[in-house]
Amino acid sequence: MKLYLKIWRQKDAQSKGKMVDYTLDGVEGDMSFLEMLDILNEELVSKGEEPVEFDHDCREGICGTCSLQINGEPHGPDRLITTCQLHMRKFNDGDTIVIEPFRAKAFPVIKDLIVDRSSFDRIQQAGGFISVNTSGNTIDANAIPISKHAADEAMDAAACIGCGACVAACKNASAMLFTSAKVSQFALLPQGRVEAADRVQNMVRQMDLEGFGNCTNTGACEVECPKGISLTNIARMNREYLSASIKG
């Protein structure tokens, strides 16, 4: 399979970037998208050219590191997968593939296809935790009954891997789906209710400080999310935030 690639190249955060054209031959359908980029980089290095920088880690759809905008879609044309799980069989011989980093003010480009997503870390640090003294006298988790429905919903919210596809898919670059998933996974459980008010206020405040936009209500974030995080989490976070604001 012969492919024509248009890849965003940018030396560093201060430099001006541009699209650069590459032609890659011999691509097999069973290759993953990242393996295709590996082959491209091998060719570039053999020619003495600078390889294309891109993020990756587990290559198993778990870490969310390999976030690329492929033909205008976060993680590419398939659904419920990350870029590393995307296979080249989704493309045809002679296709032109446009590869860009995730675009958002809060995700500044570091180099080429790598963006700085530490803004997500700071949102998490603002309240995405439970303050528990685990130095001794711990209580067995089974001592607090939790309904199957609540446990399932909390687990679904906790499936968020923080890849940033929701932000890249949103025309306002909103992080509402990410933030609401992190709020919901605690709000649904009794252990998370103690700090619920402070958590949602602090995390939403940090989200706004990072420069993310407001929710568009179009649902593009849920469609592009590789873990299928539901929009109902945003509704839950809005209820939590309103309740916390009223209570002061």
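Helices are DSSP runs of H or I with at least four residues, numbered from the N terminus. One of them, α2, gives the second largest pocket four lining residues, the largest share of its lining. The model is predicted. This briefing covers that pocket and then the cysteines.

**Second largest pocket**

- The space in the second largest pocket comes to about 180 Å³.
- Two elements, α2 (118-127) and α5 (176-187), each give two or more residues to the lining of this pocket.
- Residues lining the pocket include Ser 118, Phe 120, Asp 121 and Gln 124.
- Asp 116, Arg 117, Ile 161, Gly 162, Phe 178 and Lys 182 are also among the lining residues.
- Sorted by class, the lining holds four charged, three polar and three nonpolar residues.

**Cysteines and disulfides**

- A disulfide requires two cysteine sulfur atoms within 2.5 Å, and by this rule the count is zero.
- Cys 58 takes part in no disulfide, and its nearest cysteine sulfur, that of Cys 63, lies 3.6 Å away.
- For Cys 66, the closest cysteine sulfur is in Cys 84, at 3.6 Å, which is too far for a bond.

**Exposure of two cysteines**

- Cys 58 has a relative accessible area of 27%, so this residue is partly exposed.
- Cys 66 counts as buried because its relative accessibility is 4%, where the cut-off for buried is under 20%.

Note on methods:
Residues numbered from 1 in each chain as written. Predicted model: local features only at pLDDT ≥ 70, side-chain atom pairs only at ≥ 80, totals over all residues. Heavy atoms only, no water. Buried < 20%, exposed > 50% of the residue type's maximum accessible area, 1.4 Å probe, protein only. 1 Å grid on protein atoms, 1.4 Å probe; cavity = no way out; pocket = protein on both sides within 12 Å on 5 of 7 lines; lining within 4 Å. Points joined across faces, edges and corners; volume = space filled by probe spheres on them. Nonpolar A, V, L, I, M, F, W, Y, C, P; charged D, E, K, R; others polar.
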